[in-house]
Structure formats: structure tokens, C-alpha cells
Amino acid sequence: EKAAQRLSAEDFEHLEQLQRESERSVAIEDMQGFTAAEIGLHSLILSSAKNARLLKMIESIKDLTYTERMMAVRSGDDMQKEFSLQNVRKAVEEHRRIVDALRGRNSREAGEAMRQHIRAVQGRLLQFLDLPEAEAD
């Protein structure tokens with residue numbers, strides 16, 4: 001919500017660039033490209049909020065968020081790969097809603113879009129953990 005009012009014109013350009021890179025990466029199934037763009041997008045929004053408490057909290061769970069990202073884009077058997085692609089496609093759509101709300105400087109909408117994204121990521125992570133393990137040969 002705070003970032004919506006604090007992002008500069010250059011920040012918006014950078015957000016849009018990161019969003020386009022994320023979309024392009026997913027289209028060609030480049031999960032490393034997607035991950036780099038996603039981290040950049042989240043970092044830019046977070047730093048723009050200028051909220052020291054939030055920054056400390058995010059820093060304290062950095063290992064957990066890294067693990068979640070790696071699980072979300074993990075390749076494995078066909079079912080896991082398709083699940084991962086569905087996850088990142090949904091994340092890209094969620095990011096688009098966040099970026100659009102930020103560009104419109106709509107704090108309430110941006111905050112709600114981010115909360116929905118966080119809840120959706122949590123749900124997808126729990127679903128991923130329920131996927132059956134690939135059987136060993």
C-alpha cells in the first residue's frame with residue numbers, strides 16, 4: 001500500500017520491464033529468467049514501501065521464501081513440471097494485478113492484490129507438498 005504512493009516514474013518503468021521479462025520467461029519456460037524477474041519485482045516493491053519493520057521481517061524469512069521459489073519452479077516428473085508451470089503462470093497474473101494497481105497509485109487495491117498473491121502462493125505451496133513423490137527406478 002505504501003509503495004503505491006512512493007514509487008517513482010523510473011520505478012514504474014522498471015516494474016513494467018520486470019513484469020514483461022517474467023511473462024516472456026514463462027512463455028518460453030525459462031524458470032531461471034522468471035525467478036530473477038520475480039525476485040527483482042518483489043524487491044523493488046518492498047524497498048519502495050520504505051518500511052523498516054517489513055524489511056526486517058522479510059529478511060528473517062529469506063531462506064523460506066527462497067525455498068518456496070525453488071519448489072514452485074522445480075522440474076521433476078511431468079505432473080510436477082506441469083504443476084510448476086501452472087504456479088508460475090498464476091504468479092505472473094497476480095503480479096500483473098499488483099503492478100497495475102501500483103501504476104494507478106491505488107494503495108487499497110495494491111495492498112489487496114498483494115494479500116491475495118501471498119495467500120495464493122501459500123495455497124499453491126501446500127498443494128505442491130501434497131503431490132505424490134515420483135517413484136524411484
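In the predicted model, L15 is in contact with L7, L41, L44, I45 and L102, leaving aside its neighbours within four places in sequence. L15 also belongs to the largest nonpolar core, which has 16 residues. The residues with the most contacts inside this core are A3, L7, L15, L41, I45 and L102. Two or more residues of the core come from each of α1 (2–6), α2 (9–27), α3 (31–49), α6 (78–103) and α7 (107–129). Another core, of 7 residues, lies apart from it, with V26, M31, L85 and V88 among its members.

The protein as a whole has 7 helices and 0 strands, and the pattern read along the sequence is α-α-α-α-α-α-α. Of its 137 residues, 38% are buried. When contacts between residues at least 6 apart in sequence are considered, 72% join residues at least 24 apart.

Two packed helices are described by the angle between their axes and the distance between the axes. For α2 and α3, the angle is about 155° and the axes are 8 Å apart. An angle over 145 degrees counts as roughly antiparallel, and α2 and α3 are therefore roughly antiparallel to each other. The crossing in which α2 passes α3 is left-handed. On the α2 side, the residues that meet α3 are D11, H14, L15, L18, Q19, E21, S22, S25 and V26. Their partners in α3 are M31, G33, F34, A37, G40, L41, L44, I45 and S48. This pairing of helices includes L15, L41 and I45, which are listed among the residues with the most contacts in the largest core. It also includes V26 and M31, which belong to the core of 7 residues.

The loop between α2 and α3 contains E29. Phi of E29 is near 60°, a positive value in a residue other than glycine. E29 has a relative accessible area of 39% and is partly exposed. A positive phi is also found at R105, where the value is near 55° and the residue is again other than glycine. R105 is placed in the loop between α6 and α7. With a relative accessible area of 34%, R105 is partly exposed.

Side chains of opposite charge can pair when their charged atoms come close. The structure holds 8 salt bridges. One of them joins the side chains of E16 and R96, with an N to O distance of 3.1 Å. This pair links distant parts of the chain, since E16 is in helix α2 and R96 in helix α6, 80 residues apart. E16 has a relative accessible area of 13%; because buried means under 20%, E16 counts as buried. R96 is partly exposed, at 21% relative accessibility.

E16 also forms a salt bridge with R103, the closest N and O atoms being 3.3 Å apart. R103 lies in helix α6 and E16 in helix α2, so this pair ties together parts that are 87 residues apart in sequence. R103 is partly exposed, with a relative accessibility of 40%. Both pairs of E16 fall within a network of salt bridges that links E16, E23, R96, D100 and R103.

A further salt bridge is formed by E21 and R24, whose closest N and O atoms are 2.8 Å apart. Both residues are in helix α2, and because they are 3 residues apart, E21 and R24 are separated by about one helical turn. E21 is partly exposed at a relative accessible area of 30%, and R24 is partly exposed at 40% relative accessibility. E21 is also one of the α2 residues that meet α3.

Terms used
Residues are numbered from 1 along each chain as its sequence is written. This is a predicted model: local features need pLDDT of at least 70, side-chain atom pairs count only at pLDDT 80 or more; totals for chains, interfaces and linings use all residues. Side-chain values use heavy atoms; hydrogens and water are left out. A nonpolar core is a set of buried Ala, Val, Leu, Ile, Met, Phe, Trp, Tyr and Cys residues joined through side-chain atoms within 4.5 Å. Buried means under 20% relative accessible area, exposed over 50%, partly exposed in between (1.4 Å probe, protein chains only). Helices (H or I, at least four residues) and strands (E, at least two) are DSSP runs, numbered from the N terminus. Contact means heavy atoms within 4.5 Å. A salt bridge is a side-chain nitrogen of Lys or Arg within 4 Å of a carboxyl oxygen of Asp or Glu. Axes are lines fitted to C-alpha atoms, for helices over the stretch in contact, and angles run from 0 to 180 degrees between N-to-C directions. Angles under 35 degrees count as roughly parallel, over 145 as roughly antiparallel, 65 to 115 as roughly perpendicular and the rest as oblique. A crossing is left-handed if the near helix is turned anticlockwise from the far one by less than a right angle, and right-handed if clockwise.
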